[in-house]
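Colleague: I am new to this structure. Can we go through it step by step?

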Amino acid sequence: MIKELVRDDAILSQTCEPATADDAALAQDLLDTMASIDDAVCLAANQIGVPKAVVVYKDDNDETHVMYNPKMLLGLGAFKCDEHCLSHDDAHKVTRFIKIKVSFDELVDGALKQRRRDFTDWEAQMIQHMIDHCRGRLV
């Protein structure tokens, strides 16, 4: 179901609760909502008003992915950049890493399975942005 985007900093600044396998419908709402927004490439659950650690993003091949409970374990190659967010009008200067290692859960056959993966470049930047959302960090 397509949801309205939240722009309220009081909601967006809350730390998200851990997600469970029962949040599969929330993940689908995120995918549907992201698909409905022109040029959207990532979205976190708190951006649709649900304080759960669930994020979705499009990779370089335009394929969508869902991450439950993402956490950055390592970041290499810090750089500063201007970043935009669907929940805010203005760009903000942030520090990101060119390469990151992330732990996250993936829904497989109705259960969450823990994964670890390295990401680089644009995907790394998007995922860092989404992890910030899960932590209640406003960008």
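Colleague: What span should helix 2 have at 1.5 Å a residue, and how far apart are its end C-alpha atoms?

Modeller: This is a predicted model. Helix 2 covers residues 24–36, which makes 13 residues.

Colleague: Which strands do the buried residues of helix 2 pack against?

Modeller: Start with the residues themselves. The buried ones in helix 2 are L26, A27, D29, L30, L31, T33 and M34. Their packing partners are strand 1 (42–44), strand 2 (54–58) and strand 3.

Colleague: Which element gives the most to the lining of the largest pocket?

Modeller: The largest pocket has a volume of about 260 Å³. Two elements give two or more residues to its lining: strand 3 (64–85) and helix 3 (121–134). The top contributor, with six residues, is helix 3.

Colleague: Which residues lie nearest the centre of the largest pocket?

Modeller: The lining has 16 residues. By class, eight are nonpolar, five polar and three charged. Nearest the centre of the largest pocket lie V41, C42, H84, C85 and W122.

Colleague: How many charged residues does the lining of the second largest pocket have?

Modeller: The second largest pocket has a volume of about 160 Å³. Its lining consists of K71, M72, T95, R96, F97, Q128, I131, D132, R135 and R137. Strand 3, strand 4 (88–108) and helix 3 each give two or more of the lining residues. By class there are three nonpolar and two polar residues, and the charged ones number five.

Colleague: How far is the sulfur of C42 from the closest cysteine sulfur?

Modeller: C42 is one of the residues nearest the centre of the largest pocket. C42 is also buried, with a relative accessible area of 11%. The closest cysteine sulfur is in C85, and it is too far for a bond, at 7.7 Å.

Colleague: What does the count of disulfides come to?

Modeller: The rule asks for cysteine sulfur atoms within 2.5 Å. C16 is too far from C134, and C42 is too far from C85. The count of disulfides comes to zero.

Terms used. Residues are numbered from 1 along each chain as its sequence is written. This is a predicted model: local features need pLDDT of at least 70, side-chain atom pairs count only at pLDDT 80 or more; totals for chains, interfaces and linings use all residues. Side-chain values use heavy atoms; hydrogens and water are left out. On a 1 Å grid over the protein atoms alone, a cavity is a set of points where a 1.4 Å probe fits but cannot get out, and a pocket is an open set with protein on both sides within 12 Å along at least five of seven lines; lining residues have an atom within 4 Å of a point. Grid points are joined across faces, edges and corners, and a volume is the space filled by probe spheres set on the points. Helices (H or I, at least four residues) and strands (E, at least two) are DSSP runs, numbered from the N terminus. Ala, Val, Leu, Ile, Met, Phe, Trp, Tyr, Cys and Pro count as nonpolar, Asp, Glu, Lys and Arg as charged, and the others, Gly among them, as polar. The expected span of a helix is 1.5 Å times one less than its number of residues. Buried means under 20% relative accessible area, exposed over 50%, partly exposed in between (1.4 Å probe, protein chains only). Contact means heavy atoms within 4.5 Å.
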